[in-house]
Amino acid sequence: MSERYPLPPIPDGWYAVGEAGALAPGELRPVRFFGRELVLFRGEDGRARLFDAHCPHLGAHLGVGGRVEGAGLRCPFHGWRYDGEGRCVEVPRLDRTPPEARVRSYPTAERDERVFAWFHAKDAEPGWELPEIREGDPAAWTPWVVERHEVRTHVQDMAENILDRAHFIHVHDMEEPAAPRFEARFEGPAMTVEQNLKMTSEAGSEVASRTTNWGPGLSITRVDVGRVHSVAFITHTPIEPERVEFQLAFSMH
């Protein structure tokens, strides 16, 4: 906890860590999230994985000169090889491996062209599954339009701001709807809010929206107007305890 926030610096949950389509089998890239140097890569088996960046042997950065082999990585310094779970399975020129040598790995999942990783302060297994974001055939939806920003704040501020109705009028060009509605419900890690919104820039049109926050890292908003269905999802990923990567993606059916 910090003086500014009486909260865990990195809350447990699922967080977006990369674009799925930009990561080909055998490709790896260094990234920084959760206040750590990390390596995001796609194994030869096609699965995206996230490891801590530094080899436990002598600290070489696996994302600088390292390479993907099978489902895991080989260190660029002494060639130690780690499997898809981060366990050391080969030390060149030795007939055994150190039994405790391993790289921290993070559970991953892919949803709607994003790679998500599960972070837990005590390395517990995922507490819930991520939902599908777009329903039905992806080809029936428009391509995602994505914006990316970095914000100096705690990740929970971002999650709470999405449902802060007081700022809608001043920031998002809205008015009070003729039929006000605001209903919130909680189911496990998900908080869902259904409300009516009035957009002044669209001839005063009034719409019903449904927003679900899945932990602190993912928010999904659905708006249906007649035959038009839209979905926007926002991801908040801590780069550092008070520095957040914020991405907004929008698609229409």
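Trainee: Why does Phe34 count as buried?
Mentor: This is a predicted model, and its atoms give Phe34 a relative accessibility of 4%. Buried means under 20%. Phe34 therefore counts as buried.

Trainee: Where does Phe34 sit?
Mentor: In the loop between S2 and S3.

Trainee: What about Asp112: is Asp112 buried or exposed?
Mentor: The relative accessible area of Asp112 is 13%. The cut-off for buried is under 20%, so Asp112 is buried. Its phi is positive too, about 45°, although Asp112 is not a glycine.

Trainee: Where does Asp112 lie?
Mentor: In the loop between strand S10 (108–111) and S11. S10 and S11 form a hairpin with two residues between them, and Asp112 is in the turn.

Trainee: How do you know that S10 and S11 are paired?
Mentor: Count the bridges. Pairing needs at least two. S10 and S11 have four, in the antiparallel sense, so the pair passes the test. One place to look is Thr108, which stands opposite Ala117 in S11.

Trainee: Which strand pairs with S11 through six bridges?
Mentor: S1, and the two run antiparallel. Trp14 has Trp118 in S11 as its bridge partner.

Trainee: Why is S11 called mostly covered?
Mentor: Six of its six residues are buried. Check both faces. Arg114, Phe116 and Trp118 are buried on one side. Val115, Ala117 and Phe119 are buried on the other.

Trainee: Which residues does Phe33 contact, leaving aside its neighbours within four places in sequence?
Mentor: Ala16, Val17, Leu38, Thr237, Pro238, Ile239 and Glu245.

Trainee: What is the volume of the largest pocket?
Mentor: About 960 Å³. Its lining has 27 residues. His172, Met174, Met199, Thr221 and Ala232 lie nearest its centre.

Trainee: What makes up that lining, by class?
Mentor: There are 16 nonpolar residues, ten polar and one charged. The largest share, five residues, comes from S18.

Trainee: How do you know that S18 and S19 pair?
Mentor: They share ten bridges. Pairing asks for at least two, so S18 and S19 qualify. Their sense is antiparallel. A hairpin joins them through two residues.

Trainee: Which residue of S19 is the bridge partner of His236?
Mentor: Phe246. Phe246 is the bridge partner of His149 as well. Strand S12 (residues 145–151) joins S19 by seven bridges, running antiparallel.

Trainee: Why are S5 and S8 called edge strands?
Mentor: Take the open sheet of four strands with the order S5-S6-S7-S8 and antiparallel pairing. Strand S5 (67–69) and strand S8 (88–90) each pair on one side only. That is what an edge strand does here.

Trainee: How many bridges join S5 to strand S6?
Mentor: Three, and the strands run antiparallel. The threshold is at least two, so S5 and S6 count as a pair. Arg67 has Arg74 in S6 as its bridge partner.

Notes
Residues are numbered from 1 along each chain as its sequence is written. This is a predicted model: local features need pLDDT of at least 70, side-chain atom pairs count only at pLDDT 80 or more; totals for chains, interfaces and linings use all residues. Side-chain values use heavy atoms; hydrogens and water are left out. On a 1 Å grid over the protein atoms alone, a cavity is a set of points where a 1.4 Å probe fits but cannot get out, and a pocket is an open set with protein on both sides within 12 Å along at least five of seven lines; lining residues have an atom within 4 Å of a point. Grid points are joined across faces, edges and corners, and a volume is the space filled by probe spheres set on the points. Ala, Val, Leu, Ile, Met, Phe, Trp, Tyr, Cys and Pro count as nonpolar, Asp, Glu, Lys and Arg as charged, and the others, Gly among them, as polar. Contact means heavy atoms within 4.5 Å. Buried means under 20% relative accessible area, exposed over 50%, partly exposed in between (1.4 Å probe, protein chains only).
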